[in-house]
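Please open the model in your viewer and keep the sequence panel at hand.

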Amino acid sequence: MADRARFERLLLPHLDAAYGLARWLLRDDALAEDAVQEAFLRAWRFLGSLRGEDGKPWLLKIVRNACFELMHRERLAAGRTDLDDARVDDDGAQVGTALVLPLDPLAAAIEHADHAAVRGALRALPAVYREALVLRELQGCSYKQIAAITGVPIGTVMSRLSRARRALQWQLAERMRADAARR
Amino acid sequence: MNCARIAPLLDAHLDGELPAATVQQVEEHLRACARCRASVQRLRALRQLLQEAARDTAAPPALRQRLLTALESPVPAPPPARRLWLAAAPGLAALALASYLLFARTASTGTTTPADRFVYHVASSAHAAAVLRTLKNHLDATPSIRVVVVAHNDGIDFLLRGARDDTGAPFALAVHELRQRGVDFRVCGNTLTRRRLPAEAVLPEAALVPSGIAEIS
């Protein structure tokens, strides 16, 4: 069937990318599998609406949406009403993250960070920051693609990415400071 | 010095998203500014760190297998009632609301048929105006669908009497028009109770239901 062939050519190659994005968004392997399964089923059903030969951004958008739905459902099930793990103010100043970061501790934090620290720092970021970083740095998506996947204007992508990077550096520096204090 | 102007561009510069003319300006500034150079260096180091530490693990083989098996079925199994679907029908614009807006599809066949029932779940009024626009587009594209809008938590705000959008227009007008087209609006009774609002605070177009969550089950 032509559809099946198209599916295998345009979507299946991005299974690992889909799973990676889902894992970072949901921070849970089992939920990530659920989300990916749901996403691929939808992708299969709506394959007709994919135009062109690049299935990755289209698929990642479906994955991303499935993840946020799952997040929402899990939160509702847990009886919580907040929709995101941390407030992110896209238009105004950053909330909860220092705007001006002293340079030396940052450089040191980056230089000395181990992989576990980086993963922990990434996990700790608000979902929309995590998503921006994963799509840009791990999936290599362009700003335009990220805008399409996340459904926000390019300007918002740019500001989120910039803040996400600063937030990550801040997280790393904080962890390093906390570690040093413990010793 | 142009730090104030250049510094915000550094991320886009690193990401190769600046137009050529701007790239030149940025590089010219970087040649002269140690602080901005250090910023770029940190961004590069951060990228490398991320890519090394957070390298994607491959999807488990079992997952891949399950997907392929699911495709084999001639008619995809209908989603259980609680499953939430995002309908990617043509004509729907700006599903930027996805975090706040959930579609639940309760069709029992595997394809979109005109009799499909869609449930729009609204949990935040931040995008209420956009939700209503999207809904209108959806109806324009497929007039025969049946739509229920279920609002709970902050999402009920646009269904309260006197509610206006940020251009000052009353939501009641758009809600009334959609009601005329057969859209059902439902407000979660639990939310009203929790926010100590009387039933009279809600627009007459909207019905009260005991629990918004149960509605989408």
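This is a predicted model: local features need pLDDT of at least 70, side-chain atom pairs count only at pLDDT 80 or more; totals for chains, interfaces and linings use all residues.

What span should the 20 residues of helix α4 (residues 34-53) of chain B have, and how far apart are its end C-alpha atoms? At 1.5 Å a residue, helix α4 of chain B should span 28 Å, and its end C-alpha atoms are 28 Å apart, so expectation and model agree. Now colour the buried residues of α4(B), which are B:Cys36, B:Ser39, B:Val40, B:Arg42, B:Leu43, B:Leu46, B:Arg47, B:Leu49, B:Leu50 and B:Ala53.

Select A:Phe7 and A:Trp44, whose rings form an edge-to-face pair at 5.5 Å centre to centre, with 85° between the planes. This pair links distant parts of chain A, since A:Phe7 belongs to helix α1 (residues 2-10) and A:Trp44 to helix α3 (residues 29-45), 37 residues apart. Both A:Phe7 and A:Trp44 are buried.

For the last stop, move to chain B and select B:Phe158 and B:Phe171, an edge-to-face pair with 5.7 Å centre to centre and 70° between the planes. B:Phe158 lies in the loop between β3 (146-151) and α7 (171-180) of chain B, while B:Phe171 lies in helix α7 of chain B, so the pair ties together parts that are 13 residues apart in sequence. Both B:Phe158 and B:Phe171 are buried.

Notes:
Residues are numbered from 1 along each chain as its sequence is written. Chains are lettered from A and ligands numbered from 1 in the order in which they are written. Side-chain values use heavy atoms; hydrogens and water are left out. Rings of Phe, Tyr and Trp (its six-membered ring) pair if their centres lie within 6.5 Å; planes under 30 degrees apart count as stacked, over 60 as edge-to-face and the rest as tilted. Helices (H or I, at least four residues) and strands (E, at least two) are DSSP runs, numbered from the N terminus. Buried means under 20% relative accessible area, exposed over 50%, partly exposed in between (1.4 Å probe, protein chains only). The expected span of a helix is 1.5 Å times one less than its number of residues.
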